[in-house]
Amino acid sequence: MKKVLMALVFIIISNKVAHCQHTIEGVVTDENEVPLPDVFISILKGDELIKNLITDSIGSYKIENLKSGIYKLNFSYIGYVDSILQIDLQKNTIQNFTFKNATELAAVVITAEKSVIERKTDRLRFNVANSDLIIGSSVWETLNKTPFVATNENGSIEIAGTSGVIVYVNGRKKRLSGEVLMNYLKSLPADNLEAVEVITTPSSRFEAEGGAGIINIVTKNSKEEGLIGNASLSARQTRLFSEAGSIYLNYRKSKWNLYSTAYLSNRERLTNYEKDIFYPSSTTDLQTRFIDRKNTSKTLFSGANFGVDYEINSKHIVGMLFEYSGADENQKRDAISKDSYATSDSLTFTRNRDEATDYNYSLNLNYQGKLDENGTLLIADVDFLEFSSDNAGVSKTDVVTLDTNDILYVRDWFRNATIQDITNTSFRVDLELPINDKISVETGMKFSFSNVDNDLDFDDRDISGMTWIDDPTRSNFFEYDENINAFYALINHELSEKWSYQFGTRFENTVAKGRLEGSTVVDRNYTNFFPTAFLKYRPSNKHSFVFSVSSRITRPSFWDVNPFREYTTDKAFFEGNPFLNPSRYYRQEVSYTKGSGKVRVVAQIAASQLVGEIFSLPFKSEEGIIINRKTNYGNKYSYSGSVTMATRVQPWWRLNATSLFGHVQTTGSYADDTITIDSNTLLFSLTANQTFTISKVKGISLTVFAKNTFPFTLVNTEIGNRLETEIAIRKNIGNFSLSLSGRDLFRSNKDQYDIRVGDIRINDINYHDTRSIAFAVRYAFGKSTVKDQRYRDTGNSDIQRRL
């Protein structure tokens, strides 16, 4: 009897389970209702992949054993746009599907493949979400694969060959200070990226700072309550080993949203520098100087932020965001220098030991409110920032024998410490005012107050007493105060379906004062207007044209005006310049976008003028000393063109290619007008990024990236050919993303410079240890539909850029 009862219970339970499972079946046809075999179908529940299958020889498919719920079916077939339909499955369902022509979606489609390239009025948007460009990569690596954008291992970012780029993340400006920014972006996984926006001609609502334009990194946003997050780990082997990790959390409940990010990375690098200096024999008996330097650096980067937003009601929201970032670096720089004279040679060995730390704390208080039913929006920010940097180094130069490298005597032995402290307070208000459906006005103002203290201390080593003695000739204390007051206004007007425009202007008044050892050396009070204009013509949905003009300013960074010194040897060093002036930048651009079909194209031609450009240039001092110092040498005039094409060559093969070409002229002089700059050069670069889907079922893809920049001249420097390469294989396993990649396969990513300093010629070859192999893993957790945090551009973001 007991066995009979158990059997009955089993039958009842099995029957209930069976009744909770359903089947979807149907036939897939083309626009002529011809059945299509081998159509690839994926069924998903939320973001979870349930099953993959293909249609049979008569176009039929059948998916069994599905529980009740909402599912998405993705249909993919050669020559047609991938199409997704949604089914609320409560019973066995017959779902036939018909593909339309290659550029149209079926009526049941609710989501379609987004165009890789989108042309907005004031920007180009490159949609990278879910592409092999980002899986397992960092944000920094993704930037270098973005059309028109170039990066290098010095932390420089360029748009269309022009440096001075401002980086935003979801509309919030990030600090832009070379390697610090580079390593910060390398610590951020790119898997959560939605798009990269390239803004070559920023509108008046953006701060006027930055001569090359803006890059806005856009991350994915979701919509519902709950918890989301991700964690990532990566390791990279060059000649040394580096590792990094990060975690991101976002929790939204009712009117509250809490979010936080933390990252930690340890980066080690071995860099080689070779410098050959050729002196004119008519002016000195020193004929050549050969310097071979090796840098071994180890840097620990850390950072975290915590933010909270509270919705007072549906129209008003307040928030707070606290951010911290820091770096601790230890560096060994050993240089061998050989001087050749007419009658003899001299060999020296310089040892530099450096320790550097910097910390940045910032606090943002924000209010955002809708003032009426028309959508009038008021945004207010109050920001506080503190930055501290402490750099200390010891340098010792020994004269050694040519054959055995035995020490003959100590030529120079000193230590230096540079302490920089920066505080900033800023206030900002923005108002967005819709007039009607066609016209809107934006206006705002901002006040920023900065104080910078730079304390440079030099001590010489007393060899006899082995004590340190203060060197007043190289020590100094520099104070710099800056107040920027800004106001802007712009109007957007959609004249018709084909024509629209935007006009605006920005007014900025800057008061700057600098004191060196108590004496005023900088006293500026200047006012500038920065007009911008955009005119867009869209004759059809497939084609659009945009004409734009803009003007901007590039102020020197706070570090550039700090009179620090960084030594390679006692005869070659870098030095800050407190007398730098801002430079002005003007740009005129016409762009064309083909925005539909299998091939997407963006073409643009542009002219730009950079007046009073800031550039690092070498000076010759006494005894053959070479000093590199940033200076306002003169003007740069650029004429450029570019074409970007994105296409799917085959369903399993995507190609994104860019060609950039142009002509650049630089004119000016420096070193008290003793050295003249007058150069003309051609620019040309080719970039190709190819992604191959090896197995859609198993989630395996291969990416091959190559970028070649051909030789060109920049100011007084001839720059050699540079080839950058990367190959990466990636696999998705549920919520995990794994990647294995190799970079700089041919050791061709080198800096090669031929520099002219009057009659002196300098050859530099620098290799930043970029040949590497890396492994990365990322895990995403929580509800994938949680609405992400509210991103905003803090009021002191332009100050952080100059740290």
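Colleague: Is Glu575 buried or exposed?
Modeller: This is a predicted model, in which local features need pLDDT of at least 70, side-chain atom pairs count only at pLDDT 80 or more, and totals for chains, interfaces and linings use all residues. Residues are numbered from 1 along each chain as its sequence is written, and side-chain values use heavy atoms, with hydrogens and water left out. Buried means under 20% relative accessible area, exposed over 50%, and partly exposed in between (1.4 Å probe, protein chains only). Because its relative accessible area is 15%, Glu575 is buried.

Colleague: With which residue does the side chain of Glu575 meet in a salt bridge?
Modeller: A salt bridge is a side-chain nitrogen of Lys or Arg within 4 Å of a carboxyl oxygen of Asp or Glu. For Glu575 the N to O distance is 2.8 Å, and the partner is Arg629.

Colleague: How many residues apart in sequence are the parts that Glu575 and Arg629 tie together?
Modeller: Strands (E, at least two residues) are DSSP runs, numbered from the N terminus. Glu575 lies in strand β34 (residues 572-575) and Arg629 in strand β37 (residues 626-650), so the parts tied together are separated in sequence by 54 residues.

Colleague: Does Arg474 count as buried or exposed?
Modeller: The side chain of Arg474 meets that of Asp460 in a salt bridge, at 2.8 Å from N to O. Asp460 has a relative accessible area of 23% and is therefore partly exposed. Arg474 has 16% relative accessibility, so this residue counts as buried.

Colleague: What is the distance between the closest N and O atoms of Lys438 and Glu494?
Modeller: Lys438 and Glu494 form a salt bridge. This pair links distant parts of the chain, with Lys438 in the loop between β26 and β27 and Glu494 in strand β29 (residues 476-494). The closest N and O atoms are apart by 3.9 Å.

Colleague: How many salt bridges does a search of the whole structure find?
Modeller: Side chains of opposite charge can pair when their charged atoms come close. Asp381, Arg428 and Asp430 are even linked in a network of salt bridges. For the whole structure, the search gives 27.

Colleague: What is the phi of Asn405 near?
Modeller: Most residues other than glycine have a negative phi. Asn405 is found in the loop between β25 (377-400) and β26 (407-434). Asn405 is a residue other than glycine with a positive phi, near 60 degrees.

Technical notes:
Helix = DSSP H or I, 4+ residues; strand = E, 2+ residues; numbered from the N terminus.
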